[in-house]
Amino acid sequence: MSNDLEGLHGLTASLDDIVHQKNRLGILTILHEGRTVEFGYLKETLNLTAGNLSQHLSVLEDSGLIKIEKGYEGRRGKTWITITRAGTKALRAEVATLRTLLGLITMMEQLKK
Amino acid sequence: MTDQDASIESVLGDVELLRTRVKNERHGFWFALVLFGILTLGSLGFYWQRLSGGISSLHCPGLGTKSVHCIATIAGTSQKVEVISTCVKGAKSCSGLVLSLSGGNPSQMNWLNPGFNLNQSGQWLTLYWSLALIIGFTAVFVFYQHRASITGLRVKSWPAVVIGFGVLALAILFNAVLQPSGGTLLLSGDLWVRGTTPILIMSFGLLALAVLERSIAYMIYALGFIGVALLATLYDVVNFFDWLGIGAPFQGGAHEFPNILLPAAYLLLGGFVTWAVQHDVGVALANDVHE
């Protein structure tokens, strides 16, 4: 049991704080599936305010997980966001860690019984 | 289940839900299937065949009751012709409805279907398909661009358009420039003879689009369409219809129609099913969100 607990702590520590935050995990998930996504789509899908979304995007961009491109479509400004390779890798690692954690916790619950 | 369990499970569930939603909203493959299905169906009239007045003589080297190969002299050139024949035992010549003709002249702007030139319609068929493919691939590109600006999800579609145009250009180049100088048809015979080569060209563009959509199901369907296009190019599909017992309406001048109807039906069916599934998943996801 103590070994399991150590494993659990080790896994928890390996979670990336930048990716683990719920909204940022959502942003990376959408970008991974959509590849190139417009700012408005992220805002609407994740139900975030523009300011809040911008903050999360800045954090992700500073970490090199996404790329932001600003442009125009007619007269309207559009911001397109894409996930980088590092972003894809970080998302995969996060989801894999969460799955392992879930498996470990379930196993410990069964051992308790 | 503990709170910890529930929380991790709920995060993973949300991730999965988001993935499904984005994937569903990103796809636009149905449009390409429906559009090319309609364009294929639109070409049907060009495949109606009658014995051409240009055929001056027919000689029947073999025997048969239904369809035989004859040698026809058209504009001074001997060409192989398949007819629904009256060439019966003892007959020296055959006459009847011409089904297909190989070794046609690639000149007269009949670049896409050099073996298919009955009723002098080959060049019109080439013109129709050249325009249809150009308009079709361009419309697909415009559709994806327009969709991206509405939904906010961009799918890179231009490589599929480039592949479609590229294969079309290669086919025209082979037949318009290389063949006349070489004297014989490159990849001669069945590949060009039924006038359905443009459907094969279309199938490569659709496969490229399915790859860009990153959907295994679309890729399998597009590969299936390459199979259907090859069948329509290399085989008289009417034989298959006969075997199914539905070939009766396609005798005589409509002999070539099944080669067009089969790929058109495959595309239209795929397009409508894809659209319906996408629509249903969208409704189910919207209900999930509201719950």
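B:Leu234 counts as partly exposed, at 40% relative accessibility, where partly exposed is the range between buried (under 20% relative accessible area) and exposed (over 50%), with a 1.4 Å probe and protein chains only. This residue sits in helix α7 of chain B, helices being DSSP runs of H or I with at least four residues and strands runs of E with at least two, numbered from the N terminus. The model is a predicted one, in which local features need pLDDT of at least 70 and side-chain atom pairs count only at pLDDT 80 or more, whereas totals for chains, interfaces and linings use all residues. Residues are numbered from 1 along each chain as its sequence is written, chains are lettered from A and ligands numbered from 1 in the order in which they are written, and side-chain values use heavy atoms, with hydrogens and water left out.

**Surface patches**

- B:Leu234 belongs to a nonpolar surface patch of about 770 Å², to which B:Leu230, B:Leu231, B:Tyr235, B:Phe240, B:Trp243, B:Leu244 and B:Ile246 also contribute. In chain B, α7 (216-234) and α8 (237-244) are the elements that give two or more residues to this nonpolar patch.
- Patches are made of residues with over 30% relative accessible area and no salt bridge, like charges being joined within 9 Å and nonpolar side chains (Val, Leu, Ile, Met, Phe, Trp, Tyr) within 5 Å. The accessible areas come from the Shrake-Rupley method with a 1.4 Å probe, and for residues only the protein chains shown count as cover.
- A patch of positive charge on the surface brings together A:Arg35, A:Arg92, B:Lys23 and B:Arg214. Lys and Arg count as positive and Asp and Glu as negative, while His and the chain ends are not counted; the place of a charge is taken as NZ of Lys, CZ of Arg, CG of Asp or CD of Glu.

**Salt bridges**

- Over all chains, a search of the whole structure finds 4 salt bridges, a salt bridge being a side-chain nitrogen of Lys or Arg within 4 Å of a carboxyl oxygen of Asp or Glu.
- One of them joins A:Glu33 to B:Arg26, with the closest N and O atoms 3.4 Å apart. This pair crosses between chains, from helix α3 (residues 22-34) of chain A, where A:Glu33 lies, to helix α1 of chain B, where B:Arg26 lies.
- A:Glu33 is buried, with a relative accessible area of 5%, and B:Arg26 likewise counts as buried, at 2% relative accessibility.
- B:Glu16 and B:Arg19 meet through their side chains in a salt bridge (3.3 Å, N to O); they are separated by about one helical turn because they are 3 residues apart in helix α1 of chain B. B:Glu16 counts as partly exposed at 35% relative accessibility, as does B:Arg19 at 28%.
- A network of salt bridges links A:Glu33, B:Glu16, B:Arg19 and B:Arg26.
- B:Arg21 and B:Glu25 also form a salt bridge, their closest N and O atoms being 3.2 Å apart. Both residues lie in helix α1 of chain B, 4 residues apart, which is about one turn of the helix; B:Glu25 counts as partly exposed at 27% relative accessibility, and B:Arg21 does so at 21%.

- B:Val15, in helix α1 of chain B, counts as buried at 10% relative accessibility. Not counting residues up to four places away in sequence, B:Val15 touches A:Leu25, A:Thr29 and A:Val95, contact meaning heavy atoms within 4.5 Å.
- B:Asn24, also found in helix α1 of chain B, counts as buried at 13% relative accessibility. Apart from its neighbours within four places in sequence, B:Asn24 is in contact with B:Arg147, B:Gln278, B:Val281 and B:Gly282.

**Positive phi values**

- Most residues other than glycine have a negative phi.
- A:Asn47 has a positive phi, near 55 degrees, and its place is in the loop between α4 (39-46) and α5 (50-62) of chain A. At 72% relative accessibility, A:Asn47 counts as exposed.
- B:Arg214 has a positive phi, near 55 degrees, and lies in the loop between α6 (197-212) and α7 of chain B. At 31% relative accessibility, B:Arg214 counts as partly exposed.
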